[in-house]
Amino acid sequence: MIKVNPQPEPVDFNVKVRQKGIRHLEEKGIDLDKPLPEGVKISPYWRDCMDELYQAYSGICGYLAVHFERTTGGATVEHFAAKSRRVDLAYEWSNYRLASSIINSRKNDYEDVLDPFEIENGWFHVELVSGRIFPAPGLPENVFQKVDDTIKRLKLDDRSNREMRARHYYEYIQGEYTESFLMKRSPLVWAEACRQDMLL
């Protein structure tokens with residue numbers, strides 16, 4: 001993960017998502033100050049801003065820190081504060097993170113995952129050849145543990161993610177694309193290559 005800067009709310013978000021959502025919650029008699037009652041489903045108006053969310057965050061998954069194509073159908077609106085606990089934030093732009101569908105599924109309602117809006121760059125280190133991701137040595141113990149918990153919860157260090165990061169760096173080293181393309185495609189790998197002075 002790398003730090004993600006929150007982007008401004010789209011101009012039509014209030015009409016397109018928030019107002020519809022609040023009206024929907026009122027019609028269902030849902031108390032905004034309490035967790036969503038078990039088994040109750042709410043309308044996914046947040047999907048109406050999927051294009052804007054994808055563009056605002058340049059197609060970069062907030063947790064994987066890699067670019068993915070919108071046309072693959074894997075883009076999702078991830079509610080950082082789970083809808084089940086904070087229904088009052090279900091239709092709030094500030095609670096949305098762009099995430100690939102598999103990462104969104106892995107995060108689910110868990111609360112032991114760091115917010116990409118609140119982390120600091122350099123907390124997650126990567127071995128560029130193997131793609132292994134791990135907490136930066138020397139972090140305060142509580143931060144180190146949170147980074148480690150996030151890696152485990154989201155399976156950021158599983159085989160496929162390791163291979164992806166290693167492949168991105170390898171292809172750059174082989175001259176298949178430029179540094180600027182690496183930065184857009186795989187910003188964490190690019191940032192780690194910068195930190196380790198491993199750019200060409």
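Trainee: Where is the place of Phe-124?
Mentor: Good place to begin, and keep in mind that this is a predicted model. Look along the elements, which are numbered from the N terminus. The one that holds Phe-124 is strand 3.

Trainee: Does Phe-124 count as buried or exposed, and at what relative accessibility?
Mentor: Buried means under 20% relative accessible area. Phe-124 falls under that cut-off, so the residue counts as buried, at 1%.

Trainee: How many Å apart in space are Phe-124 and Leu-188, C-alpha to C-alpha?
Mentor: Along the sequence, these two are 64 residues apart. Even so, Leu-188 is among the residues in contact with Phe-124, along with others including Met-1, Leu-114 and Glu-192. From C-alpha to C-alpha, the distance in space is 8.5 Å.

Trainee: Which residues have the most contacts inside the largest nonpolar core?
Mentor: That core has 55 residues. Helix 1 (13–27), strand 2 (96–100) and helix 7 (187–195) are among the elements that each supply at least two of its residues. The residues with the most contacts inside the core are Ile-42, Tyr-96, Phe-124 and Leu-156.

Trainee: Which helix gives the largest share of this core?
Mentor: In soluble globular proteins, nonpolar side chains tend to be buried together. Here the largest share is 4 residues, and the helix that gives them is helix 4.

Trainee: Where are the buried residues of helix 4 around its axis?
Mentor: The buried ones are Val-143, Val-147, Asp-148, Thr-150, Ile-151 and Leu-154. An α-helix has 3.6 residues a turn, so residues three or four places apart point the same way.

Trainee: How many Å does helix 4 reach from its first C-alpha to its last?
Mentor: Helix 4 runs over residues 141–154, which makes 14 residues. At 1.5 Å a residue, the expected span is 20 Å, and the helix comes close to that. Its reach in the model is 20 Å.

Trainee: Which residue in strand 2 does His-79 stand opposite?
Mentor: His-79 belongs to strand 1, where Ala-75, Val-77 and His-79 are buried on one side and Thr-76 and Glu-78 on the other. Strand 1 and strand 2 pair in the antiparallel sense over 5 bridges. The residue opposite His-79 is Tyr-96.

Trainee: What is the relative accessible area of His-168?
Mentor: His-168 has its place in helix 5. Leaving aside neighbours within four places in sequence, His-168 is in contact with Val-66, Tyr-177, Leu-182, Arg-185 and Ser-186. The residue is buried, with a relative accessible area of 4%.

Trainee: How many disulfides does the count come to?
Mentor: A disulfide needs two cysteine sulfur atoms within 2.5 Å. The sulfur of Cys-49 has its closest cysteine sulfur in Cys-61, but because that is 16 Å away, it is too far for a bond. Both residues are buried, Cys-49 with a relative accessible area of 1% and Cys-61 with 1%. The count of disulfides comes to 0.

Technical notes: Residues numbered from 1 in each chain as written. Predicted model: local features only at pLDDT ≥ 70, side-chain atom pairs only at ≥ 80, totals over all residues. Heavy atoms only, no water. Buried < 20%, exposed > 50% of the residue type's maximum accessible area, 1.4 Å probe, protein only. Expected span 1.5 Å × (residues − 1). Core = buried A, V, L, I, M, F, W, Y, C linked by side-chain atoms within 4.5 Å. Contact = heavy atoms within 4.5 Å. Pairing = 2+ DSSP bridges.
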